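Please read this briefing with the sequence and the 3D structure open beside it. It begins with the whole protein and then turns to single elements and residues, grouped by topic.

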Amino acid sequence: MHKMLYFDYSAVVLEFVLLASILMRRMTNGKSNSMFIMLVTISIFTTSADIIAVTFDNLGSEFYYEKMMSHSVYLFLRALISFIQLNYVIVLTDTWFKAANNFTKKIKLFFPIFLLAALMITNFFAHNIFYIDENGTYIRGANFLWLYVINGYYAVYGSMKIFRNSQMMDMSRIVSLFVGTFLMMGADWIQIMIPSVLIDMFACSIALLFIFMMVQRPEEITDSETGLIKLNTYAYDLKRSFINKKPETLIMIRLNNYLVIREMLGYRDTICVKRMIADIIVRYLRSSRVRADVYYIGSGNYRIRLENHDNAEAVKVAEYINDTLKEGIVYNEMQINLVACVCITNIPEDIDEFDSLSIFGNDFSAEYTGNVLYASEICRKSRYDIMREIDKIIENAISENEFEVYYQPIYSIKDKKFNSAEALLRLKTEKYGFISPELFIPAAEKSGAIHRIGEIVMESVCSFIGSEEYAELGLDYIEVNLSPAQCMENNLAKNMIGIMERNHVLPSQLNLEITETASGEIQNVVMDNITTLYNAGISLSLDDFGTGYSNMTRIASLPFRIIKLDKTFTRIKENPNLIIVLENVIKMIKALNMKIVVEGIETKELVDHFERMECEYIQGYYYSKPLPKRDFVKFIQAGI
């Protein structure tokens with residue numbers, strides 16, 4: 001019977017096109033890419049073996065040994081495709097580690113393919129799988145169906161694996177994998193029923209193309225600029241690891257001076273630098289035979305996810321990358337200095353939840369040391385537990401009245417007494433104790449809860465100012481902070497004036513602090529709020545002056561009465577040049593008829609220094625830390 005090879009020719013062309021597309025798109029990083037490349041490569045060899053075997057069949061009664069060998073290779077490789085496809089599913093679900101230490105699961109995985117190998121070897125003598133008769137015709141043997149049983153076994157095994165881990169994949173991936181399996185099994189059935197129709201490998205190639213487009217998704221998996229795995233796949237892989245409770249070692253790399261490099265080189269050259277760094281990482285991993293997935297997640301952030309949970313190996317990799325990046329790189333004959341923070345994180349020992357891992361990934365590089373960092377040393381576990389639940393904590397604090405306003409006294413150098421105070425919000429929960437404003441304020445701004453929190457603070461402060469207790473203290477005013485998000489609230493001014501009127505608070509008894517960041521948001525709504533509050537007689541101050549890119553022209557155009565110098569200006573011992581900056585800043589502020597509050601004062605020496613520079617007010621731990629209302633009242637009364 002003369003067999004037609006048109007389907008096989010089409011299949012091998014399609015498989016080569018697939019492989020070329022993978023390589024041209026640099027889809028070589030990551031276990032799923034590697035396993036898919038192996039699947040396509042084995043398919044090419046399998047189709048080629050089938051073409052060779054059928055060609056010998058069509059030549060006639062000669063070539064006995066060539067026919068036996070080529071058919072044996074084809075049949076074994078065809079079963080190997082099913083085996084590798086199952087391993088590809090295991091990689092996609094990231095469950096290989098569960099089988100690695102389980103003997104029973106290893107037997108279920110490897111025994112059928114080993115059995116087939118044994119059957120193919122013995123077939124040269126027993127002829128139970130197939131044989132070549134005296135006419136040179138290929139004849140199926142008594143045990144030939146075992147080949148399809150093994151293929152079916154791996155197909156069913158893979159389908160069950162997909163079904164059991166469906167929560168780790170989106171529906172399109174699940175459907176695509178099932179469609180690919182159906183195509184291969186359907187082709188097997190056609191091959192059993194009509195041996196002369198060589199459709200098996202063509203169906204396999206169509207299934208691979210389908211998986212490539214719908215599961216591999218090259219445009220979604222691989223970053224075109226670096227050739228590494230993209231952010232969305234990084235998130236998917238790590239979330240999957242947390243679901244599987246899989247122990248992993250992650251090396252985090254962050255270029256602290258990425259924005260500087262981008263500004264210096266421009267967009268196109270920065271891409272080249274990013275690719276050079278990626279190549280440094282990938283080359284070392286390959287030369288050291290370290291199995292790992294390498295990701296680029298944007299803004300100068302690289303991640304290495306080691307396949308083995310081996311801390312010694314992680315340390316070796318991290319130390320090499322840290323030392324290499326510290327040396328910088330040469331690009332277009334320029335020496336590019338890289339300020340890179342490298343941190344080893346063990347999952348789940350150090351961090352046991354993806355959102356907490358993401359927060360840590362943004363925080364670990366806050367202070368550059370030049371040494372490899374360890375999450376176990378810098379990660380305060382409670383902080384990341386808090387961030388995981390922060391929205392719930394804030395909502396509960398609002399409903400259960402857990403927010404409390406503290407007051408920090410401000411000393412008037414001229415009057416030689418405490419004439420005002422700053423209201424500062426504190427949060428103490430039963431589960432976590434005190435939670436820093438640095439954690440809950442940004443979260444509240446992001447969720448929108450900051451507006452309700454702002455009203456709580458305003459109500460508390462105005463209630464205090466309107467009380468007889470406050471009247472006896474002889475204070476001029478209380479300062480209340482406004483966040484950038486609050487400043488952009490349409491009804492801010494109206495709501496605040498309403499709260500003041502309900503509590504019989506005079507405009508002169510309140511001073512509103514606007515941060516330097518908020519003052520830069522000169523949008524219509526911000527200006528409307530500032531103008532309305534100022535026209536109502538409420539004084540305004542600029543908080544944290546010196547922490548951003550201060551624009552004196554902008555500041556001069558706004559109705560500020562007070563400028564609060566940030567505590568960074570107190571570090572004159574560490575940086576004597578600050579004295580020159582301070583003298584000129586103070587001179588400009590004075591020329592604008594604004595008063596100065598210096599924050600962060602902790603020593604008598606600094607008090608005397610700023611008094612000599614004619615600053616009006618001092619705030620800091622030298623006099624008092626922020627106090628609960630009851631303790632604040634006692635403190636002021638003691639000083640009267």
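In this predicted model, the mean positions of the 63 positive and 75 negative charges of the protein are 2 Å apart. Along the principal axes, the C-alpha atoms fill a box of roughly 120 × 55 × 45 Å.

**The protein as a whole**

- The secondary structure of the protein consists of 28 helices and 19 strands, and the elements named below carry their numbers from that set.
- Of the 640 residues in the protein, 52% are buried, and the accessible surface comes to about 30,700 Å², with 57% of that surface belonging to carbon and sulfur atoms.
- When the contacts between residues at least 6 apart in sequence are considered, 71% of them join residues that are at least 24 apart.

**Helix 10 and the residue after it**

- Helix 10 covers residues 231–244, which is 14 residues, and the distance from its first C-alpha to its last is 20 Å, close to the 20 Å expected at 1.5 Å a residue.
- Which residues of helix 10 are buried? The buried residues are Thr-233, Tyr-234, Ala-235, Asp-237, Leu-238, Arg-240, Ser-241, Phe-242 and Asn-244.
- Helix 10 is followed by Lys-245, and the phi of Lys-245 is positive, near 55°.

**Backbone angles in the loops**

- As background for this group, most residues other than glycine have a negative phi, and most peptide bonds are trans.
- Asn-401, which is not a glycine, has a positive phi of about 55°, and this residue lies in the loop between helix 17 (390–399) and strand 10 (403–412).
- Is Asn-401 buried or exposed? Asn-401 has a relative accessible area of 66% and is therefore exposed, since the cut-off for that word is over 50%.
- His-504 is another residue other than glycine with a positive phi, here near 60°, and its place is in the loop between helix 22 (492–502) and strand 14 (510–515).
- The relative accessibility of His-504 is 69%, so His-504 counts as exposed.
- The peptide bond that runs from Ile-347 to Pro-348 is cis, with an omega near 5°, and Pro-348 lies in the loop between strand 8 (340–347) and helix 14 (354–363).

**Partly exposed residues and their surroundings**

- Ile-52 belongs to helix 2, which covers residues 31–58, and Ile-52 counts as partly exposed because its relative accessibility is 44%.
- Ile-52 and Glu-66 are 14 residues apart in sequence, and their C-alpha atoms are 9.0 Å apart in space.
- Asn-311 is found in helix 13 (residues 311–326), and with a relative accessibility of 34% Asn-311 counts as partly exposed.
- Which residues is Asn-311 in contact with, leaving aside its neighbours within four places in sequence? Asn-311 is in contact with Ile-344 and Asn-346.
- The C-alpha atoms of Asn-311 and Thr-345 are 9.4 Å apart in space, although the two residues are 34 residues apart in sequence.
- His-127 lies in the loop between helix 5 (103–126) and strand 1 (130–132), and a relative accessible area of 26% makes His-127 partly exposed.
- If residues up to four places away in sequence are not counted, His-127 touches Tyr-64, Met-68, Thr-122 and Gly-141.

**Distances across the protein**

- How many Å apart in space are His-127 and Ala-485, C-alpha to C-alpha? The distance between them is 80 Å, and along the sequence His-127 and Ala-485 are 358 residues apart.
- Asn-584 is a residue of helix 26 (residues 577–591), and Asn-584 is partly exposed, with a relative accessible area of 44%.
- Asn-584 and Asn-311 are 273 residues apart along the chain, and a separation of 53 Å lies between their C-alpha atoms.

Key
Residues are numbered from 1 along each chain as its sequence is written. This is a predicted model: local features need pLDDT of at least 70, side-chain atom pairs count only at pLDDT 80 or more; totals for chains, interfaces and linings use all residues. Side-chain values use heavy atoms; hydrogens and water are left out. Helices (H or I, at least four residues) and strands (E, at least two) are DSSP runs, numbered from the N terminus. Buried means under 20% relative accessible area, exposed over 50%, partly exposed in between (1.4 Å probe, protein chains only). Contact means heavy atoms within 4.5 Å. Accessible areas come from the Shrake-Rupley method with a 1.4 Å probe; for residues, only the protein chains shown count as cover. Lys and Arg count as positive and Asp and Glu as negative; His and the chain ends are not counted. The place of a charge is taken as NZ of Lys, CZ of Arg, CG of Asp or CD of Glu. The expected span of a helix is 1.5 Å times one less than its number of residues.
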